[in-house]
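Here is a short briefing to read alongside the model.

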Amino acid sequence: MADLNVPPRRPRDDRGWDGYQHPHPDGYRDPHAAPYAGAQPAAGPQWVGPNGFAPAAPAPAGYPQPGGYAQPGGYPQAGGYAQPAGGYGPPPGGGLPDLDDDGDEAPKRGRRRALATLGGAVVVAGGAALAMSPQVRGLFGDAPAGDATGTVTTDGSAARPSGQQPSTVRTYTEQNESYMGSRAGEALKRNAPSGGQLYGSPAEAAAATKVTVKTVLAKDPIRHLLSRTTFGPTSEMMAEVKRVGIDDWLREQLQPEKITPTRAELKLAELQSLKLSPTQLRDQREQLKEKRVDPARETVDATIARQIWSDRQLFEVMVDFWNDFLHVAADFDGGENYRNAFDRDVIRKHALGSYPEMLVAANKHPALLLYLNQVDSRKNAVNENLARENLELYSVGVDGGYTEKDVRQAALLQTGRGVADGKYKFFAERHYLGKVQILGFSHANNSDDPVAADKVIDSYIRYIATHPSTARYVAQNLATRFVSDTPPKSVVDRLAKAYTTNKGQIRPVLATLFSSSEFWAAVGQKVRRPMEYLVATYRALGVSPDAAPGFSGDQRRTPFAQGLRQIQDKMRELGQYPMGKPTPDGYADVYLAWTSAGTMIDGWNEAGDLIAGRRKQFTFVKPEKLVAKPPSTAGAYVDALAQRLVQQKLSAKEKSLVLAVAGVAESAKVDATFNGAIAAVARTILASPQHHLR
C-alpha cells in the first residue's frame, strides 16, 4: 500500500510531463494573448513552449525533456504535475498560441518560417522534435503534402534512441513489471500456479481445477469468483451464486443493462452535476461553485457509490480496470467539465464491449485531448503526448514493437484534433498532410476533406487497437487483474488469442478467462489495494446508503453526497481513489506497489470507525447484530462472525489471536456484545489476511 499516501514512482525513465495542463478547461484560448512573448530565438535547437522561445541555458531539473517525463526533482505531486522554478511555468494568459488563427496571412507565414530558422530541429510543446529534413520542411511553409516516412529519423533521447524499439533499449520498465522484478516478486512467482487449460464453461473449469497454491483463503470456487469479480463478496451474493450457479450468475453479470439499479444507484440523482453535459457544466460553473459542487469530484463520488452498492459488480470492476488502463485523471485542469462525460461516453459505454471502439471514442473526447495536450498539437507545432501514450499505454505497450519514429509520425497524423465550444472538433487547417507509416499502418494522408482526414486517424487508432501486440498487452493486464500478479503465460496467450479472434470484443475474452483453469487455480494470489480494501469493508459490514436517524448535515448537499465525499477523502489519505493517479499510466495492480504498514493501519482504523457507526451519513448494522443469532461460546461466535465478514472461518491459530484480543477462552460464555468486545473482535477479523486478499 502506498507509503506516505503517495503512489509509488513509476521507474520508467527520465520522462517528464510533456507539456502543461490545459489552462482553459473549456478548450478556449485567449485570442488577445501575445504569441510567443518573451525571448527571441537564438541560433541552433531551441525550445518553443508556453513562454515563447526558451533561454539558452539548460532547462532546470524537473522540466520535461524530449519525449520524457520529469527528471528527479520535478516529480509530480498529488493533484497535478511538478512545475520547476524559473521561467518555464505557464504564463498568466496560459497556453500555446494559436499559430493558425491570424487574420493576416503574411504574419502567419512569417511565424512558421521563424520556427524553421532554428536550424537543426524545432522542439515544440514539451517533446515533439522534428528533424528538419526535406520531408518535414514543408510543414513550415506553403509546400504541398509531404512524406514523413523518409529515411531520416527523428531525434530521441538517451533513454529512447531514435529509430530503436523501446523493447530493445529497455532502459525503463512497464509499471507492474517494475515491481515484480524484485526479490519479493520472485517469491510470489514461486507460489503462483503455472499452466492450465480451457474448459467448456466457467462452472466446468471450477469443478475440474484443483487449487495447489499455499493460501489462507478457503478453496471455495464461489468465494474465489466473487473475490475477483466484485469489490467484495457478501453473504447475499454468495447465496445468489449458490442458487443460480456460476454460469448463470456470470451470464447475468455480463449483461449489466438487465440488472435492476439498487437504491444507492437511484440516489446518485442527488449528485447535482452527474447528468449535466460538458456545455451545461461550463455554463453553470459559477452556480455550481456557489453550491460547492465540484463535478470532477462528484464523478469520483458516484464511482465509489457504485463500487460499494451496485449489483452490477463485474461491470464496475471492469470500469475500474479500464480507468487504470485508459487512464484520464479526474483532477486535471478540465476534469471538472469533461471527466464525467468521459466516464459515461467512453469507459462505461464500452467497458464490456469493444476496446477498439473505446479507444476511438477516447481519442475524440475533449477529456483525453485536453489531458494529453492534443488540443495544442498542429502541423507546425506538434505535441506528441497523446501519440506516445496511445502506443505505450493504451495499445501495443512498451514492448509492442514501435520506435521513436513511429511516435513522431503518429503525432503528425493526429494533428488537427481539438476542442471547440465544449465539443470535439477536427481542424483541417491544423492537420498535417503527407504519407505516414506507423507500426505497419501506412496511408497517403493527402485528403483536404476534413471528414476523410479524420477517418484516417480513426483507421489508425483501430489498427493499433487490434494489433497483435495490443491483444497481448490487454491480455497481460486482464490476467494480472483477475488471475495473479504473475499470471501464467498459458492464460495470457489464450486471452490474447480470444481478443484477436473477436476483434477486441471484451465479453468473449472474459468468457475465456473464466473458463480457464488458471483463473480458478489462483486462489489468494491477489491483494486488495487500499481503495478496494475500504470498499470491501463497507460491503462486508452491510452499510446502508441512507442516513442514520436524526442526522443533519449542511444544507448544500444531501447526507448521501456528504458521506460519499468523506469516503473519497479517506481514499485520498490512503493513496488511491478512482481516477486518482495524476500521470496517464494509472495505478499499478500488483501487491508490491502498495506495501506500507502505515496505510494498512490507517485502513484498519477506518474499519474501526465503520464498525462503530461514526459516519452518520449512512446507516450501519450494530456490531452485536452482524450475526443474526450469535452463538453463546466465544469460539463459535468468532467462527460465525468470520463467516459473516470474510465468508469463511479462520484457522485455529488466527482464531486464537482474535480471542486473545477479547481476552477470553474459546469455550468461554459470551453474550451478543462478546462481553463488550464485539467491536474489537470484528475489527480484528477485518484486519486479517482473509479480508486483505482479493
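Helices (H or I, at least four residues) and strands (E, at least two) are DSSP runs, numbered from the N terminus. This is a predicted model, in which local features need pLDDT of at least 70 and side-chain atom pairs count only at pLDDT 80 or more, while totals for chains, interfaces and linings use all residues. Residues are numbered from 1 along each chain as its sequence is written, and side-chain values use heavy atoms, with hydrogens and water left out.

**The chain as a whole**
- The chain has 31 helices and nine strands.
- It has 694 residues, of which 59% count as buried (buried means under 20% relative accessible area, exposed over 50%, partly exposed in between, with a 1.4 Å probe and protein chains only).
- Among contacts with a separation of 6 or more, 76% are between residues 24 or more positions apart (contact means heavy atoms within 4.5 Å).

**Nonpolar cores**
- A nonpolar core is a set of buried Ala, Val, Leu, Ile, Met, Phe, Trp, Tyr and Cys residues joined through side-chain atoms within 4.5 Å.
- The largest one has 153 residues, and those with the most contacts inside it are Met318, Trp322, Tyr355, Phe482, Leu510, Leu641 and Phe674.
- Helix α14 (residues 313-325) gives this core its largest share, eight residues.
- Another core, of five residues, lies apart from it and includes Val211, Val213, Leu217 and Leu693.
- Leaving out residues up to four places away in sequence, Phe482 touches Arg228, Thr229, Leu314, Val317, Met318, Leu510, Leu513, Phe514 and Phe519.

**Arg417**
- Arg417 sits in strand β6 (residues 417-420) and is buried, at a relative accessible area of 3%.
- Its side chain makes polar contacts with the side chains of Tyr424, at 3.0 Å, and Asp454, at 2.9 Å.
- A polar contact here is a pair of N or O atoms within 3.5 Å; within protein, one must be able to donate a hydrogen and the other to accept it, and residues adjacent in sequence count only if both atoms are side-chain atoms.
- Beyond four places in sequence, the residues that Arg417 touches include Asn363, Lys364, Gln374, Lys425, Phe426 and Asp458.

**Helices α25 and α26**
- Eleven of the eleven residues of α25 are buried, so this helix is largely enclosed by the rest of the structure.
- α25 (residues 530-540) packs against α26 (residues 559-574) at an angle of about 145°, with the axes 9 Å apart (axes are lines fitted to C-alpha atoms, for helices over the stretch in contact, and angles run from 0 to 180 degrees between N-to-C directions).
- Pro530, Met531, Leu534, Val535 and Tyr538 of α25 meet Ile567, Lys570, Met571 and Leu574 of α26.
- Gly542, with a positive phi near 65°, follows α25.

- Asn445, a residue other than glycine, has a positive phi near 50°; Asn445 lies in the loop between β9 (441-443) and α20 (450-465).
- Lys503 also is not a glycine, yet has a positive phi of about 55°; its loop runs between α22 (489-501) and α23 (506-514).
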